[in-house]
Amino acid sequence: MGIIEWNSIVEALLFAAGDEGISLDQIAIVLEVDKTEAADILDELKNSYQIDSRGIHIVEIAGVFQLVTKKIHAPYLQKLVETPSMSALSQAALETLAIIAYKQPISRIEIEEVRGVKVDSPLHKLTTRALIKEVGRAETVGRAILYGTTKEFLDYFGLNSLEELPPLPSSNELDEEETDLFNLKYQERLGELNGDHQD
């Protein structure tokens, strides 16, 4: 076996962990090294991101490490999400957004229990679009991120508050009807955006 590229492996772990992040303990377990060695590898990777030519860096939030973009590039990222090609939300993203809107604060695992599939990609897109954000941490083992909607979400769907969301059935379960209401409102909004871009 050749030389193990620890930095490359940790970078891949951080990328795969996404918004949930990964703890030093988890890194040590995966790499099968002690925490001191894991910390050294992580520090070396952190330092490699310090040069100006890199667009991302590593941050520690609530005991977990995440890959994030540098704030200096925020204006360009904003332009990206505002382009017509980025306007469309997938069906998966819309369903995920509907679940968060009705059941917030809610963790990724809880969302996946409702949808029955992984939601890492929809969560990333919704966060990038500033339609959802981290609103806290669960008081459970692992301190999972809890998601909620943003002011941008209200503005996007033309709502003054969450109280204006259509009421859930008495069963308090999110069904296709509520998701369809989101789809209808979204299609109306998307049509408005496309009209703006064509003018």
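This is a predicted model: local features need pLDDT of at least 70, side-chain atom pairs count only at pLDDT 80 or more; totals for chains, interfaces and linings use all residues.

Me: In which loop does Lys71 lie?

Reply: Helices (H or I, at least four residues) and strands (E, at least two) are DSSP runs, numbered from the N terminus. In those terms, Lys71 lies in the loop between β2 and α4 (74-82).

Me: Is Lys71 buried or exposed?

Reply: Buried denotes under 20% relative accessible area, exposed over 50%, and partly exposed the range in between (1.4 Å probe, protein chains only). The relative accessibility of Lys71 is 78%, so this residue counts as exposed.

Me: How far apart are the C-alpha atoms of Lys71 and Ile56?

Reply: Along the chain, Lys71 and Ile56 are 15 residues apart.

Me: How many bridges join β1 to β2?

Reply: Two strands pair if DSSP finds at least two bridges between them. Strand β2 covers residues 64-69 and runs antiparallel to β1. The two form a hairpin with 2 residues between them, and Ala62 in the turn has a positive phi of about 50°. The number of bridges joining β1 to β2 is 6.

Me: Which residue of β2 is the bridge partner of Val59?

Reply: Strands of a sheet pair through backbone hydrogen bonds, either parallel or antiparallel. For Val59, the bridge partner in β2 is Gln66.

Me: What is the order of the strands in the open sheet?

Reply: The sheet has 3 strands with antiparallel pairing. Strands β3 (106-107) and β4 (132-137) each pair on one side only and are therefore the edge strands. Strand β5 (residues 145-149) is joined to β4 by 5 bridges, among them that between Ile132 and its partner in β5, Thr149. The order is β3-β5-β4.

Me: How many salt bridges does a search of the whole structure find?

Reply: Side chains of opposite charge can pair when their charged atoms come close. The criterion for a salt bridge is a side-chain nitrogen of Lys or Arg within 4 Å of a carboxyl oxygen of Asp or Glu. Over the whole structure, the search gives a total of 6.

Me: How many residues apart in sequence are the parts tied together by Arg54 and Glu11?

Reply: Arg54 forms a salt bridge with Glu11, with 3.7 Å between the closest N and O atoms. Because Arg54 lies in the loop between α3 (35-48) and β1 (56-61) while Glu11 belongs to helix α1 (residues 6-17), the pair ties together parts whose separation in sequence is 43 residues. Both are partly exposed, Arg54 at 28% relative accessibility and Glu11 at 27%. The separation asked for is thus 43 residues.

Me: Which residue meets Arg137 in a salt bridge?

Reply: Arg137 counts as buried, at 11% relative accessibility. The N to O distance is 3.4 Å, and the partner is Glu134.

Me: What is the N to O distance in the salt bridge between Arg143 and Glu139?

Reply: Arg143 is partly exposed, with a relative accessible area of 36%, whereas Glu139 counts as exposed at 70%. Their side chains meet at an N to O distance of 3.1 Å.

Me: Is Thr96 buried or exposed?

Reply: Thr96 is found in helix α6 (residues 91-103). The C-alpha atoms of Thr96 and Val119, which are 23 residues apart along the chain, are 7.3 Å from each other. At 0% relative accessibility, Thr96 counts as buried.

Me: What is the omega of the peptide bond from Gln104 to Pro105?

Reply: Pro105 is placed in the loop between α6 and β3. The bond from Gln104 to Pro105 is cis, its omega being near -5°.

Methods:
Residues are numbered from 1 along each chain as its sequence is written. Side-chain values use heavy atoms; hydrogens and water are left out.
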